[in-house]
Amino acid sequence: MLNTITIGDVKLKIGAWCKQKRQINELSQEDLAAILNMSRITIQKLESGKNVTLDTLLKVANHFDMLETIYQNLEKSIQDNDLNSLY
């Protein structure tokens, strides 16, 4: 199977999303880092598409009210692939 979207593409898109949400909320990288009890460098890495932990990503998603959306999409994906489903 030919994948046209790479992991790097997704990391850059997540970084762009984080930066956009941060700027919309008029937060500096330092502000967001302080709110989430992490370093500014961690936020900078996330926004640059560098490697960050899943925990960091989920903390940012939670702060910007995306955690439930992520959870629901994962839940739907699991349900859609349920081979024992009657539907």
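The axes of helix 2 and helix 3 (residues 40–47) cross at roughly 115° and come within 8 Å. Helix 2 is therefore roughly perpendicular to helix 3, a term for angles of 65 to 115 degrees. The model is predicted; local features need pLDDT of at least 70, side-chain atom pairs count only at pLDDT 80 or more, and totals for chains, interfaces and linings use all residues. Residues are numbered from 1 along each chain as its sequence is written, and side-chain values use heavy atoms, with hydrogens and water left out.

Axes are lines fitted to C-alpha atoms, for helices over the stretch in contact, and angles run from 0 to 180 degrees between N-to-C directions. Helices are DSSP runs (H or I, at least four residues), numbered from the N terminus.

Helix 2 (residues 29–36) also packs against helix 4 (residues 54–63), at an angle of about 100° with the axes 11 Å apart. This pair, too, is roughly perpendicular. Contact means heavy atoms within 4.5 Å.

| Pair | Residues of helix 2 | Residues of partner |
|---|---|---|
| Helix 2 and helix 4 | Leu32, Ile35, Leu36 | Lys59, Val60, His63 |
| Helix 2 and helix 3 | Gln29, Glu30, Leu32, Ala33 | Arg40, Ile43, Gln44, Glu47 |

Leu32 touches Cys18, Arg22, Leu27, Ile43, His63 and Phe64, residues up to four places away in sequence not being counted.

The largest nonpolar core has 10 residues, among them Leu32, Ala33, Leu36, Ile43 and Val60. Such a core is a set of buried Ala, Val, Leu, Ile, Met, Phe, Trp, Tyr and Cys residues joined through side-chain atoms within 4.5 Å, where buried means under 20% relative accessible area (1.4 Å probe, protein chains only). Helix 2 gives the most to this core, with three residues.

Notes:
Helices (H or I, at least four residues) and strands (E, at least two) are DSSP runs, numbered from the N terminus. Angles under 35 degrees count as roughly parallel, over 145 as roughly antiparallel, 65 to 115 as roughly perpendicular and the rest as oblique. Buried means under 20% relative accessible area, exposed over 50%, partly exposed in between (1.4 Å probe, protein chains only).
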